[in-house]
Amino acid sequence: MANKLDLAMDFHKQGYNCAQAVALPFCEEMGLDAAIVKKATEGFGAGMGGRTQTCGALSGAVFVAGMLNADATNPTSKMDTYKVCAKMSEDFVAHCGSGVCEVIKGLTGGEMLCSCNECIAYGVKLVEEMIADK
């Protein structure tokens with residue numbers, strides 16, 4: 001069986017966006033069918049609907065964190081989920097240089113800080129670390 005990073009890279013090579021590539025390897029852990037995850041994360045690609053804002057790889061990691069941390073019967077579980085997601089975001093920015101797609105890709109006149117593959121790899125790493133810490 002391929003590891004999560006290999007699966008993520010394969011999904012990206014197949015044409016799935018960065019959010020989908022990060023989230024899809026964790027379908028089993030989330031208890032979700034791949035078709036649902038593909039649909040749920042499709043709009044997060046290319047920085048939220050192609051607008052190059054929040055990085056899709058980070059969005060995919062946050063999606064998985066929400067699915068694994070939220071308690072559907074407890075509306076206050078969001079505080080714990082926010083804490084996990086804030087840490088993921090902080091770590092992602094420290095590693096990739098930003099959480100904004102256009103900045104990471106150097107589309108705003110700067111140089112590229114991280115490739116999509118690097119962002120996906122780090123998104124997968126963040127999810128794996130979160131699962132290990134549970």
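Because the model is predicted, local features need pLDDT of at least 70 and side-chain atom pairs count only at pLDDT 80 or more, while totals for chains, interfaces and linings use all residues. Residues are numbered from 1 along each chain as its sequence is written, and side-chain values use heavy atoms, with hydrogens and water left out.

A friendly place to start is with the aromatic rings. The structure holds 2 aromatic pairs; rings of Phe, Tyr and Trp (its six-membered ring) pair if their centres lie within 6.5 Å, and planes under 30 degrees apart count as stacked, over 60 as edge-to-face and the rest as tilted. F11 and Y16 make an edge-to-face pair, with 5.9 Å from centre to centre and 80 degrees between the planes. F11 has a relative accessible area of 17%, so F11 is buried, and Y16, at 22%, is partly exposed. Here buried means under 20% relative accessible area, exposed over 50%, and partly exposed in between (1.4 Å probe, protein chains only).

In the other pair, the ring centres of F92 and Y122 are 6.3 Å apart and the planes stand at 55 degrees, so this pair is tilted. The pair links distant parts of the chain, 30 residues apart: F92 lies in helix α6 (residues 78-96) and Y122 in helix α8 (residues 116-133). Helices (H or I, at least four residues) and strands (E, at least two) are DSSP runs, numbered from the N terminus. Both F92 and Y122 are buried.

Helix α8 also packs against helix α5 (residues 56-69): their axes come within 8 Å and cross at roughly 20 degrees. Axes are lines fitted to C-alpha atoms, for helices over the stretch in contact, and angles run from 0 to 180 degrees between N-to-C directions. The helices α5 and α8 are therefore roughly parallel to each other, given that angles under 35 degrees count as roughly parallel, over 145 as roughly antiparallel, 65 to 115 as roughly perpendicular and the rest as oblique. In this contact (heavy atoms within 4.5 Å), A57, A61, V64, A65, L68 and N69 of α5 meet C119, I120, G123, V127, M130 and I131 of α8. By class, this contact has 10 nonpolar, 2 polar and no charged residues; Ala, Val, Leu, Ile, Met, Phe, Trp, Tyr, Cys and Pro count as nonpolar, Asp, Glu, Lys and Arg as charged, and the others, Gly among them, as polar.

Helix α1 (residues 4-13) packs on α8 as well, at an angle of about 140 degrees and with the axes 10 Å apart. This makes α1 and α8 oblique to each other. On the α1 side, the contact is made by K4, L5, A8, M9 and H12, and on the α8 side by C116, N117, I120, A121, V124 and E128. The contact of α1 with α8 has 7 nonpolar, 2 polar and 2 charged residues.

Two single residues complete the picture. K39 sits in helix α4 (residues 34-42) and, at 67% relative accessibility, counts as exposed. Q53 is found in the loop between α4 and α5 and counts as partly exposed at 37% relative accessibility. Leaving aside neighbours within four places in sequence, Q53 is in contact with A46, G47, G99, V100, C101 and E102.
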